[in-house]
Structure formats: structure tokens, C-alpha cells
Amino acid sequence: VAAMEVPPEKVSAYGVLDVDQDMGSVVSVKGMVEKPAPGTEPSNLAVIGRYILSPNVLTNLDNQETGAGGEIQLTDAIAREITQGHGVYGLRFRGERFDCGSKAGFLQATVAFGLSRDDLRDELMDYLQIATQISRAAQ
């Protein structure tokens, strides 16, 4: 699973790794907790939505009961791999990442995408400058 350290106040929004062995970029995992209550998280190493899954995980998911938020959680199906004696590893993600599970993160990703494109950059920059001026004037 791809993982990233997140600030303590954001940990409860993610699946979180309980690290067995920290090997730098890679960690072996002894457990996973989906959206832990504040103060109960095993670490601040959050699963950020990229996976290489064994077929077992899909079987686990098919048999998974509801978890955090009353939903069937992929994190729980992956964690079951550990109890079945299969290895689970986290890879610390390095690079730019947007949390599209939040409205602000989705907008940030959209703006970054637009700015990365030659055919959109100039028009988008013009709009952002105007929007910034309007926002400052309103304050």
C-alpha cells in the first residue's frame, strides 16, 4: 500500500498502518485501522489510496462485514491478509499528492492539472489572478 505521514489532526480520516518493522521507504505492517478515533491511532502513517493487491484481498472483500462508518472497508480486507499469515507492506510515497476525498484537495488537483497543461495554463492563470484580486478586495 502507498503510505504517507499525515499531521495528527488528520489521521482519523484515513486507514492507518500499525508498523511492525520500519525499513525506511518500506515498512512491514502488523495491523491496519480504518479511521481510528483520535488518540487511538497506531501511527501517523496513512494509507493514501494506491495498492498492489493479491487475489486473496478480493476474496476477503467479498466476505467482509461492514466496518468504520458502516461501510465495507478495503483497509479491513487488506488487514485480514495479515491475520491469514500473508505479508502486507507500506511504501512511503514521495511526490506531490492531492486528497481528492476532500473538496479543497479536489480543487487543488484540478488547478494543478490545469497549470500543467500548455493549452490551459495561460487562461487559467489569468482567471486565478483575477479571482485573487477579487478575494483580496472583499477582505
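Two strands count as paired here if DSSP finds at least two bridges between them. With that in hand, here are the views of this predicted model.

**View 1. Strand β1 meets strand β4.** Residues 2-5 form β1 and residues 45-47 form β4; the two pair in the antiparallel sense over three bridges. To find your place, look for Ala 3, which stands opposite Val 47 in β4.

**View 2. Strand β1 meets strand β5.** β1 also pairs with β5, residues 89-92, and this pairing is parallel, with two bridges. Here the residue to look for is Ala 2, which stands opposite Leu 91 of β5.

**View 3. The annotated span.** An unreviewed UniProt entry places the feature "domain: Nucleotidyl transferase" at residues 3-110. Follow that span from one end to the other and you will find its end C-alpha atoms 22 Å apart.

**View 4. The order of elements along the chain.** Four helices and five strands make up the secondary structure of the chain. Starting at the N terminus, the elements run β-β-β-β-α-α-β-α-α.

**View 5. The chain as a whole.** The C-alpha atoms fill a box of roughly 60 × 30 × 30 Å along the principal axes. The radius of gyration of the chain is 19 Å, whereas a compact globule of 139 residues would have one near 14 Å. Buried residues account for 26% of the 139 residues. The chain exposes about 9,200 Å², and carbon and sulfur atoms supply 53% of that area. Of the contacts between residues at least 6 apart in sequence, 57% join residues at least 24 apart.

Note on methods: Residues are numbered from 1 along each chain as its sequence is written. This is a predicted model: local features need pLDDT of at least 70, side-chain atom pairs count only at pLDDT 80 or more; totals for chains, interfaces and linings use all residues. Side-chain values use heavy atoms; hydrogens and water are left out. UniProt positions are given in the numbering used here, feature names are shortened, and annotations may be inferred rather than shown by experiment. The radius of gyration is taken over C-alpha atoms; the globule rule is 2.2 Å times the number of residues to the power 0.38. Buried means under 20% relative accessible area, exposed over 50%, partly exposed in between (1.4 Å probe, protein chains only). Contact means heavy atoms within 4.5 Å. Accessible areas come from the Shrake-Rupley method with a 1.4 Å probe; for residues, only the protein chains shown count as cover.
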